[in-house]
Amino acid sequence: MKKTIHIVMQIIFIILGTLVLANGLYASTVCNMNAGLIVNILLGIIILAYGIFYRPLIKRIPKWFIGLFYLGLTVLAVVIPTLFISGRTDNVTYQEDAIIVLGAAVRGERISGALQRRLDAAIDYYEENPEVVIVVTGGKGPQEDITEALAMERYLVANGIPKDKIIKEEKATSTYENFKYSKELLDEYFGQQGKTDYELAYITDDYHIYRAGQLAKIAGLGEMTHCHSNTHKTIILPSGLRECMAIVKLWVFKN
């Protein structure tokens, strides 16, 4: 009986490791390389190797270490779906004065699928509230020939959003900076109109909603409403893994 259980466990880990590794390798062909993709690939290799060498490993590795390994996989299996499910509950009122669309990868001058989905959500929002000001935010990162904000502005204008309804923030290199620099621009924009108080919402991927909301508070924007865009199934795992690491960093360093 024990031998049968070991064989079943070995098969499960070999299949799981193969799927995780294949997902990471495929996602790396359609996304800019990032920490989430690297961890996805490494995790796949570790799980696959554990499956292949399952029986000798369980005899040599301390049980407490194996227990931690199983616990880590269980935590990821619970936390990652929770981030995606909870992030799909929008609370925008369509009465906001401005929305901040958080940047995402640009490949050369072409927006990524993730960024397009965020911008499409912004367009849908604008159709409900055409008085809103749209802040597009993000500087120029690796594998990017122009700033994310400029690429976002081009896409919005090409899809019927008036240019005078768009504010570009082109310095940010992180979500915290997205909010920090956007606040500076919005304070100036509404200050010129004699308006010191304004309602804000942000748009980002479903898995990113929780952390973005916390960073908005740290950046001095307080409670904001939010609207999500759905993550493509191909990058759910690397995005979730990257977000888990980012949330731990947020809890430890508060940024």
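1. E109 is partly exposed, at 49% relative accessibility. Partly exposed sits between buried (under 20% relative accessible area) and exposed (over 50%), with a 1.4 Å probe and protein chains only. R154 falls in that class too, at 42%. The side chains of R154 and E109 meet in a salt bridge, 3.1 Å from N to O. The pair joins distant parts of the chain: R154 lies in helix α6 (residues 148-158), E109 in the loop between β2 (106-107) and β3 (110-111), 45 residues apart. A salt bridge here is a side-chain nitrogen of Lys or Arg within 4 Å of a carboxyl oxygen of Asp or Glu.

2. Provenance. This is a predicted model, in which local features need pLDDT of at least 70 and side-chain atom pairs count only at pLDDT 80 or more, while totals for chains, interfaces and linings use all residues. Residues are numbered from 1 along each chain as its sequence is written, and side-chain values use heavy atoms, with hydrogens and water left out.

3. Overall picture. The chain has nine helices and seven strands. Both are DSSP runs numbered from the N terminus: helices are H or I with at least four residues, strands are E with at least two. Along the principal axes, the C-alpha atoms fill a box of roughly 75 × 35 × 30 Å. Of the 255 residues in the chain, 47% are buried. The whole structure holds eight salt bridges.

4. D205 and R118 form a salt bridge through their side chains, at 2.4 Å from N to O. D205 is in strand β6 (residues 200-205) and R118 in helix α5, 87 residues apart, so the pair also links distant parts of the chain. Both D205 and R118 are buried.

5. A local pair in α7. D187 forms a salt bridge with K183, with the closest N and O atoms 2.9 Å apart. They are four residues apart in helix α7 (residues 175-191), so about one helical turn separates them. D187 is partly exposed, with a relative accessible area of 33%. K183 is partly exposed as well, at 24%.

6. Positive patch. K2, K3, R55, K59, R60 and K63 gather in a patch of positive charge on the surface. Patch residues have over 30% relative accessible area and no salt bridge; like charges are joined within 9 Å, and nonpolar side chains (Val, Leu, Ile, Met, Phe, Trp, Tyr) within 5 Å. Lys and Arg count as positive, Asp and Glu as negative; His and the chain ends are not counted. Helices α1 (2-30) and α3 (54-60) each supply at least two residues. α3 gives the most, with three. K3, in helix α1, is exposed at 58% relative accessible area.

7. Nonpolar patch. W64, F65, L68, L71, V75, V78 and V79 make a nonpolar surface patch of about 680 Å². Accessible areas come from the Shrake-Rupley method with a 1.4 Å probe; for residues, only the protein chains shown count as cover. F65 is in helix α4 (residues 63-86). F65 counts as partly exposed, at 45% relative accessibility.

Terms used. The place of a charge is taken as NZ of Lys, CZ of Arg, CG of Asp or CD of Glu.
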